[in-house]
Amino acid sequence: MRNLALRMFPINNNNPNEQQTRNTRAHVNGRSDGRAAEGETTAAGKHENAGSIDLAVATLESAPDPVYLIRPDGSVAYINDAACRSIGFTSEELLRMRLSDIDPDWTDERWQQQGPELLGTRATRTTSRHRKSDGRLLPVDLHMVPVGVGGIVHLCMFVRDMTDHAVRLAELNRLNHTLEAAQTVAKLGCWRIDPAADSAEWSSQMFEIFDLDPARGPPRYSDHSRFVHKEDWPHLDAAVQGCAADGTPFDMLVRICRHDGSMRHLSLRGVALRDAAENIVEVLVTSQDVTDLKAAEEALRRSEAEYRLLVDHLNDLVVKLDRQGRVLFASPSYIRTFGSCYRDTLDAPTFSPIVHQDDAAKTAASLETVLRSPFACHCEHRALTEAGWRWLDWSGSAMLDHTGQVIAIIGVGRDITERKRAEDAAIEANERLRIALEGGEIGLYSAELPEGRISADERYLAMLGYAPGELGLDFERWLSLVHPNDREDVETRVRLIFNGETDRFEAEYRMRHRQGHWVWIMDRAQVFHRDAAGNPTRTAGTHLDVTRRKAAELKLEYLVDHDDLTGLLNRRGIWQTVKRIHAASARSGDPYCLAMLDLDFFKQVNDTYGHAAGDRVLVKIAKRLRDCVRQADWVGRWGGEEFVVVLPGATEAQSLVTLERLRSEVSEQPIGFEDKDIHVTMSGGMAVRLPADGGPDDVLDRADGALYRAKTGGRDRICYNGTHSGAHAVSMAVLVQDALRTAGILPAFQPIVELKGRTVVGEEALARIIDADGQVLTAASFIDVAQQLGLLHRIDRMLFRSALFRFEQRGKPVAGTSAPIEFIHLSGDLLRHAKTIEELAEQLKQTTLAPNRPNPLVLTISERQIAAGASQITDALSPLLDLGCRLAVGGFGGEASSLRFVTRLPIGFMEIDGTLIKLAGESSRARSILTAILASAHELGVTTIAKQVEDADTADRLMDLGIDWAQGYLFGHPSTPMRGEEMRGGEMHPG
């Protein structure tokens, strides 16, 4: 590129630069750059330049890294070829530049301030940026050494391009095991120190450096004084405290004493770690064992001054050969590496590196290329060193005389063994990973958080039926593919990641395949980066299709708990269910029923028709039992022809209805086998959990006892074993069902009078049952059982029809009078049966009503039902309200009374709670409340009705308070229940 003659000399920092400058001359061959002193270019000077190319210059010319020589005024005096290649300028362009043109961080002002100091310093290392010809900035590492050139002190900058280093470092960071190996070889560790908390965290390499057991954990910060040399500890402590206080970084060398008595030198660099609010939270100290480096430095200090300033600052191997291969110079690092018998004279013969036979041919070819244009070569090979076979990276360049002939070869080498090992390990690891992933059909993915972007590989997508590029994934899209039953568990595990409770995610869940079916996925992921606030930012994981395994597991679980023949739960499965339901019932207080069912005379079926027929019967019976219970109920085969039924949340009455339905399904329908009909009956015993039951065994024993009674009592029946109240509920359930089936629920009517005139203005329809002994049962005795059985709507329908029939039977009222109003108390059960309400509305349309008179039917809804949903009531009863039926609120004045619903419902009548009526005779407060209710009702035009009035004093008091109407024994008891024949026959048919 050019020839530059520089006469180097050692720097004496005690001599002023001004004295050296007086005799300085620097010449650039061919032309002056315009910045040299006047008359600097002479014939004698040129002659001197042509013959004074010394070893140092030749070494710099062939160096693989850029080298710059900067004059005291900041202009460029010299650059090597590597500098031109590094930033893309020609040598002529660079020699016209100043340091500030190349390095934007070194402005002219900064050079004026710090340049004199650097020129008087032994050596300085820093990082900076160099501007490339295309404008980009190149991160570089600078070694700056003052050197004498022609009697003037210049600054020699050795530049290392940090771009490639950063890329390789990132690659190593992605391979954790490789990074650990590299750190161990480099003897590099790090501390995280919190002086205020007297705590420290060590990387694994720190334990190796200090020769301590990792299992015992790192010592406290203050305990480090036991390991750091007593002369170095105060300086280190002061640096750490300063960094923790104001963020001042530090770079220092300390000595440590290990347990075996050896002393090691550590190079420490400390920086402050800050949180999102820029508060210092810890001090991060990187530590490198530089004991060997210190020894090398001591050896270098004993070398000649010019080599110590230039070559020995390089870690690379430097060797100079003549054309015949004789060693003219070898750097100390070269000598240490190859164990050369280095002589005092540079031209003493020495052995050439023993190159590995696999690399010998390419090495020889590279050496041949250096002897011809462009007189440079590059080669990587393995050589035999004192440490065994090592990988070396060589850059060679030829030194030419003024005629262009090669007079010497400069080789600069670098030990890249660890890099090669890392590359080989990475290749091997990647290959092993590829084989494992392909062989195991494992998909890979990574996610960016919190954005939720997910990158998935081909195997991941193939598990879900997609080709690459067909499925874009983010967090919401991924979650939408998860089975609804698994989503809550998955989201819970994800929240643990975001809350910082764990860095690992592991779950098995189902994802929707492209074709619509579900695929079981084993998902394992790891967070490998969090921000300063601890929030996860990057995570990666694997997907494994475990559908076949899950299917096998589910099949195995099914076979363990299910009967092969019937498909019902087997004895183990149903008993596990019983224990679970019993525990839940004990905690909540909710009832459950356990029933033992047994087929009557089943042995005769096997004996008569054969075991194949018996199996057929069992399968059919099992299906009938399963089809006749709720989804929440459980049926299991206890053994042989015995079955167990569990009804969670069922009362005695509800259980009896269910079990009777099961019995009739079995007993009343024959089972076909070949050309025969096989008839079987079934007996059962039921028991509901009692507070005194200690465990499910007690409930089972009582159900088994009830089954025994059913068997000995004639079979084909259901018996109950429980408390007296339970037995009463069971018998009442039977009575109510029979009454509905045989039209045995009859209406009775109780009058309602106007208090002022004591005239009858209405009556209320009441439900009654006459039992086998002829005793009349009021609604209070059977209404709860009817509600449990879901039969109230049928009783409501009967009362509605009865009131309508009674109105028609009275005929047209006498002139000047009006027909009594018929009050019908409706249950919430009727509101859920829209079809029944429509039937009643249709019957009401067909009834002859007096012209220009209000509809005589008033539908009474309890205050509690209205409070549960006023809008639902109007919607449900709209077919009847549209035909003129009016509404009354029953039991008003209870604990949760409110007049707000009166504004939203067409309330015409208000039945005052009987308890409030009674209290009004005893308490002034109750009278005040009652007075307020009455005032509001009258203001709204609502007629008030007092209930349970039994004496004249109460009636007078209520009249004085302003109550309009009243009902009670004082004015008349309910009428005798009207029998079916009195109700026009067909009107009271079973409904």
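**Cores and cavities in a predicted model**

Leu-597, Leu-877 and Leu-880 touch the most other members of the largest nonpolar core, which has 99 residues. Helix H28 (residues 792-810) gives the most to this core, seven residues. The model is predicted: local features need pLDDT of at least 70, side-chain atom pairs count only at pLDDT 80 or more, and totals for chains, interfaces and linings use all residues. Numbering runs from 1 along each chain as its sequence is written, and side-chain values use heavy atoms, without hydrogens and water.

Me: What makes a set of residues a nonpolar core?
Reply: The members are buried Ala, Val, Leu, Ile, Met, Phe, Trp, Tyr and Cys, joined through side-chain atoms within 4.5 Å. Buried means under 20% relative accessible area, with a 1.4 Å probe and protein chains only.

Me: Which residues are in contact with Leu-597, leaving aside neighbours within four places in sequence?
Reply: Contact means heavy atoms within 4.5 Å. The partners include Leu-625, Phe-643, Met-682 and Ile-718.

Me: Why is a space called a cavity?
Reply: Because a 1.4 Å probe fits at its points, on a 1 Å grid over the protein atoms alone, but cannot get out. The structure holds five of 30 Å³ or more.

Me: Which residues line the largest cavity closest to its centre?
Reply: Tyr-445, Ala-447, Trp-478, Val-494 and Thr-539, of 19 lining residues. Lining means an atom within 4 Å of a point.

Key
Buried means under 20% relative accessible area, exposed over 50%, partly exposed in between (1.4 Å probe, protein chains only). Helices (H or I, at least four residues) and strands (E, at least two) are DSSP runs, numbered from the N terminus. On a 1 Å grid over the protein atoms alone, a cavity is a set of points where a 1.4 Å probe fits but cannot get out, and a pocket is an open set with protein on both sides within 12 Å along at least five of seven lines; lining residues have an atom within 4 Å of a point. Grid points are joined across faces, edges and corners, and a volume is the space filled by probe spheres set on the points.
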